[in-house]
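Good morning, and thank you for making time for this presentation. Please look at the sequence and the structure together as I go through them.

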Amino acid sequence: MSEPVVPPTPSIDAAELETLRRVNADLLQKSATRKARIVELEASAATLTAKATEAETRIRQLTIDGPVNDLCESISVAPQALRSALESEFRIEMREGVLTLLNPTDGKPVTHEGKPVPFQADAIKNLLLGSKDEAKLKLYRAIVVVSKASGAGGSSSNRVAAPAPRIQFGLGKQIGRAHV
């Protein structure tokens, strides 16, 4: 048999309905507050991400880009071309506080004649000018300065240049004019 249906009393339903509306309003308010907080946190996260990226860029400029540029300028007549060549052939990273040339394929330090190549001008010159690739070698020979010696042998001259004759213009001399 089925249970008897009890007709709802209007006073009980109204009270329950009012409670449900109040609870629903509270939940909607909490939801709106949480959504606003989520938007605030997402904006904060975006700001922090941008600042972190900026800081990483600045750190890279100071620890890698600056020293690489200085090295390229010290050993090349075309520093930008040398830097492009280095970056196309090697990865340059800071490892344990030391700039290191790495093979892009395996991530291991670059070696020359069985020894790791230190990030120093002479070692980089020797590595580049010892290349087995003829096309690269031709490029490196064109842009890498082998020696900064001028050929003067460090001699100085005590020779003094003769003073240039002074030329005078104007009315300082009166030639062929009689004084009256």
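Of the contacts in the protein between residues at least 6 apart in sequence, 39% join residues at least 24 apart; contact means heavy atoms within 4.5 Å. This is a predicted model, in which local features need pLDDT of at least 70 and side-chain atom pairs count only at pLDDT 80 or more, while totals for chains, interfaces and linings use all residues. Residues are numbered from 1 along each chain as its sequence is written, and side-chain values use heavy atoms, with hydrogens and water left out.

The confidence comes next. pLDDT is the predictor's confidence in each residue, from 0 to 100. Its mean for the protein is 83, and 75% of the residues reach 70 or more.

As for the secondary structure, the protein has 4 helices and 4 strands, and their pattern along the sequence is α-α-β-β-β-β-α-α. Helices (H or I, at least four residues) and strands (E, at least two) are DSSP runs, numbered from the N terminus. The protein exposes about 14,700 Å², of which carbon and sulfur atoms supply 57%; the areas come from the Shrake-Rupley method with a 1.4 Å probe, and for residues only the protein chains shown count as cover. Buried residues make up 18% of the 180 residues, where buried means under 20% relative accessible area, exposed over 50%, and partly exposed in between (1.4 Å probe, protein chains only).

Which residues have the most contacts inside the largest nonpolar core? They are Leu82, Leu86, Ile92, Leu101, Phe119, Ile124 and Leu128, in a core of 22 residues. H1 (10-75), H2, S2 (98-102), H3 (121-129) and H4 (134-143) are the elements that give two or more residues to this core, and H1 gives the most, with 5 residues. A nonpolar core here is a set of buried Ala, Val, Leu, Ile, Met, Phe, Trp, Tyr and Cys residues joined through side-chain atoms within 4.5 Å. In soluble globular proteins, nonpolar side chains tend to be buried together.

Let me turn to the helices. In H2, residues 79-89, the buried residues are Leu82, Arg83, Ala85 and Leu86. They cover an arc of only 160° around the axis, which puts them on the same side of H2; the arc is that of the directions from the helix axis to the C-beta atoms. The face of H2 turned away from this buried side carries the exposed residues Gln80 and Ser88. An α-helix has 3.6 residues a turn, so residues three or four places apart point the same way.

In H4, the buried residues are Leu137, Tyr140 and Ile143. Seen down the axis of H4, they fall within an arc of 140°, so they line one face of the helix. On the other side of H4, Glu134, Ala135, Lys138, Arg141 and Ala142 are exposed.

Where is Ile75 placed? Ile75 is in helix H1, and it is buried, with a relative accessible area of 2%. Leaving aside neighbours within four places in sequence, its contacts are Leu82, Ala121, Ile124, Lys125, Ile143, Val144 and Val145. The C-alpha atoms of Ile75 and Ile143 are separated by 8.4 Å, although the two residues are 68 apart along the chain. Leu82, not counting residues up to four places away, touches Cys72, Ile75, Ser76, Leu128, Ile143 and Val144.

Ser131 is in the loop between H3 and H4 and is buried, at 15% relative accessible area. A polar atom of its side chain lies 3.3 Å from the backbone nitrogen of Asp133. At the start of H4, a side-chain oxygen of Asp133 in turn reaches to within 3.0 Å of the backbone nitrogen of Ala135. A polar contact is a pair of N or O atoms within 3.5 Å; within protein, one must be able to donate a hydrogen and the other to accept it, and residues adjacent in sequence count only if both atoms are side-chain atoms. Beyond four places in sequence, Ser131 is in contact with Lys136, Leu137 and Tyr140.

Finally, the backbone angles. Glu96, in the loop between S1 (91-95) and S2, has a positive phi near 50° and is not a glycine; at 84% relative accessibility, Glu96 is exposed. Glu113, in the loop between S3 (111-112) and S4 (115-116), has a positive phi of about 55° and is exposed at 72%.
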